[in-house]
Amino acid sequence: MLTFVVGIYKSGTSLITSQIEEMGVPTVVEDFRSESNVTGVKYTYNIRESYEVNCLNNDIIYSTNQTEMYFKTENMPDEIEEIYKQRIRDFYKKIGNDGVIKDPRFIGTLAYWIKEIPEGTKYKIVFVFRDDIEDISNSFKKDKWFVGKVDESVGYEKTIEQLINNLKTTYCS
């Protein structure tokens with residue numbers, strides 16, 4: 001069975017995924033390192049997500065001339081290019097259509113992943129919803145990954161509001 005963990009950045013998706021993993025459910029995550037250079041200081045992040053899913057979701061979002069932080073679900077197309085569909089199908093084959101997959105970008109891309117699930121494969125969606133904008137904003141500000149990704153003219157709070165609106169618009173209507 002496939003299980004998708006969906007929520008905005010800093011909402012608790014990693015915690016939920018870790019808890020599911022501790023129960024013995026296979027997860028589709030690997031440790032990978034991300035290097036960032038923020039204001040002249042080099043930071044290394046050990047990220048626990050599927051790098052392949054992360055990159056594929058970024059590619060889908062970038063194909064709409066948006067970024068992973070500033071995309072609107074209403075600007076996402078009904079259909080994606082065949083190359084992205086094939087990459088999703090290849091990923092499912094690679095994992096044997098089983099496991100927990102987590103990526104905050106699923107708030108904008110999950111519909112494409114659902115459409116490509118092989119016939120007869122069961123799936124579940126776990127939504128993690130956290131709407132305390134101030135608390136999330138403080139988490140963003142502490143995490144160096146977000147430095148340079150959040151447009152200072154927009155601000156953290158407006159960025160978070162847009163991400164929450166994406167989640168609500170897509171999954172709570």
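These legends accompany several close-up views of a predicted model. Residues are numbered from 1 along each chain as its sequence is written, and side-chain values use heavy atoms, with hydrogens and water left out. Because the model is predicted, local features need pLDDT of at least 70 and side-chain atom pairs count only at pLDDT 80 or more, while totals for chains, interfaces and linings use all residues.

View 1. Strand β1 covers residues 2-6, where strands (E, at least two residues) and helices (H or I, at least four) are DSSP runs numbered from the N terminus. Five of the five residues of β1 are buried, so the strand is largely enclosed by the rest of the structure; buried means under 20% relative accessible area, exposed means over 50%, and partly exposed lies in between, with a 1.4 Å probe and protein chains only. Leu2, Phe4 and Val6 point one way from β1, whereas Thr3 and Val5 point the other way. Four bridges join β1 to the parallel strand β4 (residues 99-102), and five bridges join β1 to β5, which also runs parallel to β1; two strands pair if DSSP finds at least two bridges between them. In these pairings Leu2 stands opposite Gly99 in β4, and Phe4 stands opposite Ile125 in β5.

**View 2. Aromatic rings.** The structure holds five aromatic pairs, counted when the ring centres of Phe, Tyr and Trp (its six-membered ring) lie within 6.5 Å, with planes under 30 degrees apart called stacked, over 60 edge-to-face and the rest tilted. One of them joins Phe4 and Tyr123 edge-to-face, at 6.5 Å centre to centre and 75° between the planes. This pair links distant parts of the chain, since Phe4 lies in β1 and Tyr123 in β5, 119 residues apart. Phe4 is buried, with a relative accessible area of 0%, whereas Tyr123 is partly exposed at 38%. The rings of Phe106 and Trp113 have centres 5.6 Å apart and planes at 85°, so this pair is edge-to-face, and both residues are buried. Ring pairs link Phe4, Phe91, Tyr92, Phe106, Trp113 and Tyr123 into a cluster.

**View 3. Helix α2.** Helix α2 (residues 51-62) has 12 residues and reaches 16 Å from its first C-alpha to its last. This span is close to the 16 Å expected at 1.5 Å a residue, where the expected span is 1.5 Å times one less than the number of residues. The buried residues of α2 include Val53, Leu56, Ile60 and Ile61, and also Asn54, Asn57 and Asn58.
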